[in-house]
Amino acid sequence: MTQFFSMRRLGPRIVLAVGLAVVLAAFGGRADGLAAPSDERSPVADTIQVTMTDHAYEPSDLTVPAGEEVTLQFVNEGTVEHYFVVGETVADSEEGFEQNLFDEVALVKNKETPEHEEDQEEEHEEEEEHHENEFELSPGGRGTLTFRLPASKAGTYTIACFETTGNRAHYEMGMTGTLTVTTEGR
């Protein structure tokens, strides 16, 4: 009778252990439910989250691989409009860079703006067409910028917001950073 009682108590434990093994196998052997890392590269674009605040980018330093599709996913949590502009050497007019990182690079821009800002956003999209290097968002706006940079663009560039508040450009108030394009494996 003692043996029967012990087997009866072990039965549910064995079923639980087998069930746990099946679940772990289904999730690549990790107890946290995430798939085990793979050496294969995903065909999906790398995505980097960028938050715009008054007056900073978070993170302020980005690294992207040359030759691979990258998507920057933005949200403007600031109280004013902000730009994401990438280049080298601020122009004399201080309204942009002399050299545009995205020259001859295909860009896909997608934006979601708050409903009360839609009319204003259409006006800014017309302005943005002349500056492919710009990505502008109204307060509360979200959007993505997708691109693939060639190896010839390898190097470190400056990120800045050229929007002004109180006659001062946001980059002068600290809204700057760097974007590094690398040809090395990450």
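**Entry 1: Phe147**

I started with Phe147 and listed its contacts, leaving out residues up to four places away in sequence: Val64, Glu68, Glu69, Val70, Leu72, Phe102, Val105, Ala106 and Leu107. A reminder to myself: this is a predicted model.

**Entry 2: the core**

Next I asked which residues touch the most other members of the largest nonpolar core. They are Phe74, Phe84, Phe147 and Leu179, in a core of 33 residues. I then checked which elements give two or more residues to this core, and got strands 1 (46-53), 3 (61-65), 4, 5, 8 (134-137), 9, 10 (155-160) and 13 (176-182). Strand 5 gives the most, with four residues. For background, I noted that nonpolar side chains tend to be buried together in soluble globular proteins.

I turned to an open sheet of five strands, and wrote down its order as 2-1-4-9-7, with mixed pairing. Which strands stand at the edges? Strand 2 (56-58) and strand 7 (108-112) do; each has a single partner strand, so one side of each is left without a neighbour in the sheet. From one strand to the next, the twist averages 20°.

I followed strand 7 to its partner, strand 9 (residues 142-148): the two pair in the antiparallel sense, over five bridges. Looking across to strand 9, I found Thr144 opposite Asn110.

**Entry 3: aromatic rings**

How many aromatic pairs does a search of the whole structure find? I got six. Phe162 and Tyr171 form a tilted pair, 5.0 Å centre to centre with 55° between the planes.

Phe74 and Phe84 were already in my core entry, among the residues that touch the most other members. Phe135 has something else going on: the charged end of Lys111 sits over its ring, 5.1 Å from the centre.

**Entry 4: Val80**

Last, I went to a loop. Val80 is found between strand 4 (69-76) and strand 5 (82-90). Is Val80 buried or partly exposed? Val80 counts as partly exposed because its relative accessible area is 26%, and buried would need under 20%.

I checked its contacts beyond four places in sequence, and Val80 touches Asp54, Pro139, Thr165 and His170. I also took one distance: Val80 and Leu137 are 57 residues apart in sequence, and 8.8 Å apart in space, C-alpha to C-alpha.

Terms used:
Residues are numbered from 1 along each chain as its sequence is written. This is a predicted model: local features need pLDDT of at least 70, side-chain atom pairs count only at pLDDT 80 or more; totals for chains, interfaces and linings use all residues. Side-chain values use heavy atoms; hydrogens and water are left out. Rings of Phe, Tyr and Trp (its six-membered ring) pair if their centres lie within 6.5 Å; planes under 30 degrees apart count as stacked, over 60 as edge-to-face and the rest as tilted. A charge sits over a ring if NZ of Lys or CZ of Arg is within 6 Å of the ring centre and within 35 degrees of the ring normal. Buried means under 20% relative accessible area, exposed over 50%, partly exposed in between (1.4 Å probe, protein chains only). Contact means heavy atoms within 4.5 Å. Two strands pair if DSSP finds at least two bridges between them. Axes are lines fitted to C-alpha atoms, for helices over the stretch in contact, and angles run from 0 to 180 degrees between N-to-C directions. A nonpolar core is a set of buried Ala, Val, Leu, Ile, Met, Phe, Trp, Tyr and Cys residues joined through side-chain atoms within 4.5 Å.
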